[in-house]
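I opened the notebook to record what I looked up in this structure, going from the whole chain to a single residue.

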Amino acid sequence: MHMINTSEILETLQMIDHQKLDVRTITMGISLFSCVTDDERKLCDNIYDLITRRAERLVQVGRDIEREIGVPIVNKRISVTPAALVTGAIHDPVKVARAMDRAAKATGVDFIGGYSALVQKAMTEADRRLIESIPEALATTDLVCSSVNVGSTRAGINMDAVRLMGDVVKRTAEATADNGGLGCAKLVVFCNAVEDNPFMAGAFHGPGEGDCAVSVGVSGPGVVKVALEGVKDAPFDEVAETIKRTAFHITRVGQLVAREASRRLEVPFGIVDLSLAPTPAVGDSVAAILEEMGLEICGAHGTTAALALLNDAVKKGGVMASSHVGGLSGAFIPVSEDIGMIQAAQKGALSLEKLEAMTCVCSVGLDMIAVPGDTPAETVAAIIADEAAIGMVNNKTTAVRLIPAPGKKVGDNVEFGGLLGHAPVIPVREYSAAAFIHRGGRIPAPLHSLRN
Amino acid sequence: MNENKKAVISVLGTDKKGIIAQVSRILYENDANILDISQTIVSGLFSMILIADISSEACSFDTLKTELDALGERIGVQIRMQRSEIFEAMHQI
């Protein structure tokens, strides 16, 4: 067998020490279907017991792997079956959110996702109850994350749900106003949500999944940025090749961690999500990669093209490095979690409109963006509708995680802390979409031939 | 736990007497066998990479790592021990 050589070892150590190579998360997906009962108390007990039993060793195993391979594993998380699917026979789904929160705390994980509903076509009574309860659920728990899928390429966009989510986002911000509207950082509105995403806040364990699985989300924008420093002024072919090679290395780490976690936890391996996930730390920025390609600042004309290349090359490089790639897999552009994006937004180089354009070619969507606290619910809903339309037509996942920060105006700053970072409040269009949003109904699924 | 059997130990810091001696003594005491060493000093900065076989029953990854961490702390150099799999995964197809 090939003996690893010194330069390869040094390259890896450099990536860990100076380029912030890490594994963002090991996420254990747990199906809650076996918990279902019409006794509210029993349902909560069943959920708590199941989660704490399955994930009992998750945090310890994550720490062991981290210590042995020497690569930081930043978060350990749990995702569960969308709660609306198991709360149909009870009255108060918030009790389930609290049971999830208690279970997450007992296992020591960083987040638990799956206070979710899939309503791309229509809502059941249980879906509606759950969605209505999201502000209370997020305001009275610490680790619970929530997501709602309001559209898909096959079903179209459920505009009743979009309208409702405009209200829910606003109410969540108000319910968590003491923390700058932090609840909204734990709430994602999707189009074409995926069932095996390990990243928060949008992680849930889809109904097509098995009883339990572990998935891994990698990270590493700093590693890509540094690799590109080595191909200054080179044509894009070389840029793409360099990103592919780097993504391969990063994804191999994710694959190793996923395989080890799966073996030690005796739980099937789900997927590796090969997303480039930034953090607010210097040197861990997706914006910096785009700027390294030759843009003065993220948001300059050319940013969408740069991001398209990056997103595609990451997938091409990563896909061969893992036996199962899934989740969101691409480049994330969460504004508050990326120091380069924060700076670009502060300077006005990065607007909501430019971000929307960028979401056409990358993973996810309008992510962690603070907007003025007095933004009307209809405007929030209209932003969600626009983003869902991009996902629906382009057959990709899109999402909206907006924070209408209570009491804040354009130019103010909202602090979330930790991985969630901080965000400058950026302007939204002031023109009303109220009449449009109040129509309700469903935008029909798009035609997928005669494409132009 | 030792089925992989190899660890990569990297040492980085200001050069001083006895770094190699002390690291290898700990390895010897823990029944680990040194397979490869490469060591350089660039402008006073000591850097060593050592690959060791840790497959012996008497060798515990955790004990060895704890002792090496403590040594690094004591003599003021960074000593890191990682399973070789991380490097193999990243650099081999």
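The entries below follow the order in which I looked things up.

**Ground rules.** I am working from a predicted model, in which local features need pLDDT of at least 70 and side-chain atom pairs count only at pLDDT 80 or more, while totals for chains, interfaces and linings use all residues. Residues are numbered from 1 along each chain as its sequence is written, and chains are lettered from A and ligands numbered from 1 in the order in which they are written.

**Chain A as a whole.** I found 14 helices and 13 strands in chain A, where helices (H or I, at least four residues) and strands (E, at least two) are DSSP runs numbered from the N terminus. The C-alpha trace spans about 60 × 50 × 50 Å along its principal axes. I noted that buried residues make up 60% of the 452 residues in chain A; a residue is buried if 20 or more other C-beta atoms, placed from the backbone, lie within 10 Å of its own, exposed if 12 or fewer, and partly exposed in between.

**The core.** I then turned to the largest nonpolar core, which has 184 residues, and saw that A:Ile47, A:Met100, A:Val150, A:Met165, A:Val253 and A:Ile384 touch the most other members. Helix α8 (residues 236-265) of chain A gives the most to this core, with eleven residues. Such a core is a set of buried Ala, Val, Leu, Ile, Met, Phe, Trp, Tyr and Cys residues joined through C-beta atoms within 7 Å.

**Helices α7 and α8.** I looked up how helix α7 (residues 221-229) of chain A packs with α8(A), and found an angle of about 145 degrees with the axes 9 Å apart; axes are lines fitted to C-alpha atoms, for helices over the stretch in contact, and angles run from 0 to 180 degrees between N-to-C directions. The contact is made by A:Val223, A:Val224, A:Ala227 and A:Leu228 of α7(A) and by A:Val239, A:Thr242, A:Ile243, A:Thr246 and A:Ile250 of α8(A), two residues being in contact if their C-beta atoms, placed from the backbone, lie within 7 Å.

**A:Ile250.** Not counting residues up to four places away in sequence, A:Ile250 touches A:Leu21, A:Val218, A:Gly220 and A:Val223. The C-alpha atoms of A:Ile250 and A:Val223 are separated by 8.3 Å, although the two residues lie 27 residues apart along the chain.

**Chain B.** Last, I noted that the contact takes 17 residues from chain A and 18 residues from chain B.
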